[in-house]
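Please look over the sequence and the 3D structure below. A short report follows them.

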Amino acid sequence: MRSVSAELAPALDPNTLEKFVDPLPVPPIAKSVSREALPGRPSQKAPYYRIPMRESRIALHRDLPPTRLWTYGDSFPGPTVEARSGEPLFIGWPNQLPDSHFLPIDRTLHGAEADKPQVRNVVHLHGARVPPESDGYPENWYTPGHSATSFYPNRQEPAALFYHDHAMGITRLNTWAGLFGLYIIRDQVEDSLDLPSGAYEIPLVLCDRLLRRDGQLDYPHSPRPNAPWVPEAFGNVMLVNGKAFPFLSVEPRKYRFRLLNASNGRFYHLSLSSGQPFFLIGCDQGLLPKPVDAPSFVFAPGERVDVAIDFRDHVDQRIVLQNDAFVMMEFRVGRRRTAEDQPLPSTLRPVPRIPESAAVKTRELTIDEYMNAAEESMLMLLNNKHWDMPVTEKPVLNTTEIWSIVNPTDDSHPIHLHLVRFQLLDRRNYDPLTYQRTGQLRFLGPVVGPEPSESGWKDTIRAHSRMVTRFIVNFGPYTGRYVWHCHILEHEDNEMMRPYDVVAAKDLTG
Ligand code: C2O
Ligand code: CU
Ligand code: CU
């Protein structure tokens, strides 16, 4: 990777930023602007939200000049949408961005060719069960001056979802520029659990960004001026809710934190400097069956983890949330408790395990990485198929399948399917050489079950290096075209993404 060009400010040394001087921002809650008739049911109305994409300038740290960002609304992350299970809503997503991009577009990538406009956007609600026309298909992008409205039925269990850009070939740049926000679904069952709420329930959206000394965003690029794509983008600064090294004043009691990994490519391994455990209570698609305490956990881009932390025994202490040796933020525990602190319930929500015998089909799907002569990664595919090749994954509506992801690469890839939720079955080491030569899976180790932080309903699963990762999934409730992809956004933009179709049983041809 080449260093930044001469006319730009040099890279920021994150050690020069004073730590814990900014209070942790919490994104505003989105407010609806009107009520609109439901599709096909003109007498019933649902709230309509309007969240424009626009250019903003926001300081990421007290001592940095405001950073040019592309945001939903005026905040980074965008406003949090609060939804209830079974209560539909609409969101209009006007594109008010400028006409030229400020990050390096690679015109050699599929979908980002020179005949395509620089600025193109489409919003996907990650983890949502939505009809295909509202799902943010990557080719359904639109340019500044245009808008699209999505319909979100919210017919699913409570979970922390997130909306983000999904435009073909430039998702990594649009998201890096700041286009993401949270969308939280709740219901009465969850309310009745008395988990910490209100001021005691706080989202923590983690991402890293590459900043220059003038506070402006940088994005790494390859040494090839006509093909600047890089296989991975990592930042020099870690942000929590869009601030570098913020602090949060807390009472000596339990809090609930809704964590989202919104990074392009960084995995986090989180722990607390006090050595105390997290109480894991949920993952991507909602609550775990019961709380599990864990001193640390790993999560990849696209994954969410719901945790409780109990500060009761830490009056007057400062506790750092850390990513291995790196600091993320600080909790400052005060002395006063202003409201009653309930114990965590011993059970949360049943997660009935889908028996493997329910699967009508098992698909073996490979992750494929292509290197150039210098051993640099140039292209990544799923099952050796390019984006524009005919659709090969066509699960039948309301049937269950096992997807078995075979990963011979050196990296873990977070694999995400739109529309559905699934359960991780297991992972197992295998011998990639034998597989390459014979197509046979020769296992090299024992079957490894899910980690506690991934033991509930998931929509994004880490397919580990040199392992076969299996998950079980029921397809529905809609038919139509969706996508599945790696959630490392650099990979996704370079064809590690495939369309898939949920088909009605009668449409089954070939
Ligand atoms: Cu979070 Cu298809 O993405
Ligand atoms: Cu998604
Ligand atoms: Cu990947």
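The report covers the basis of the model, its copper sites, its cysteines, its strands and its nonpolar cores.

## Basis of the model

This is a predicted model, in which local features need pLDDT of at least 70 and side-chain atom pairs count only at pLDDT 80 or more, while totals for chains, interfaces and linings use all residues. Residues are numbered from 1 along each chain as its sequence is written, chains are lettered from A and ligands numbered from 1 in the order in which they are written, and side-chain values use heavy atoms, with hydrogens and water left out.

Donors are N, O and S atoms within 2.8 Å of the metal (3.2 Å for Na, K and Ca); water is not among the atoms, so sites may look incomplete. Helices (H or I, at least four residues) and strands (E, at least two) are DSSP runs, numbered from the N terminus.

His-413 is buried, at a relative accessible area of 0%, and His-491 is also buried, at 0%. Buried means under 20% relative accessible area, exposed over 50% and partly exposed in between, with a 1.4 Å probe and protein chains only.

## Copper ion, ligand 2

The copper ion (ligand 2) is coordinated by the NE2 atoms of His-124 and His-416, at 1.8 to 1.9 Å. His-124 is in strand S7 (residues 123-126) and His-416 in strand S27, so the pair ties together parts that are 292 residues apart in sequence. His-124 is buried at 0% relative accessibility, and His-416 is buried with a relative accessible area of 0%.

## Cysteines

The structure has zero disulfides, a disulfide being a pair of cysteine sulfur atoms within 2.5 Å. For Cys-207, the closest cysteine sulfur is that of Cys-486, 18 Å away, which is too far for a bond. Cys-207 is buried at 2% relative accessibility, and Cys-486 is buried at 0%.

## Strands

Strand S32 (residues 497-502) is largely enclosed by the rest of the structure, because six of its six residues are buried. On one side these are Met-497, Pro-499 and Asp-501, and on the other Arg-498, Tyr-500 and Val-502. Strand S31 (residues 480-486) runs antiparallel to S32 and is joined to it by six bridges; two strands pair if DSSP finds at least two bridges between them. Trp-484 has Arg-498 in S32 as its bridge partner.

An open sheet of four strands has the order S1-S2-S6-S8, with mixed pairing. Its edge strands, S1 (34-38) and S8 (149-152), each pair on one side only. Strand S6 (residues 89-92) pairs with S8 in the antiparallel sense over four bridges, and Ile-91 has Ser-150 in S8 as its bridge partner.

## Nonpolar cores

The largest nonpolar core has 88 residues; among those that touch the most other members are Ile-91, Ile-415 and Trp-484. A nonpolar core is a set of buried Ala, Val, Leu, Ile, Met, Phe, Trp, Tyr and Cys residues joined through side-chain atoms within 4.5 Å. A second, separate core of 32 residues includes Leu-24, Leu-270, Leu-280 and Cys-283.
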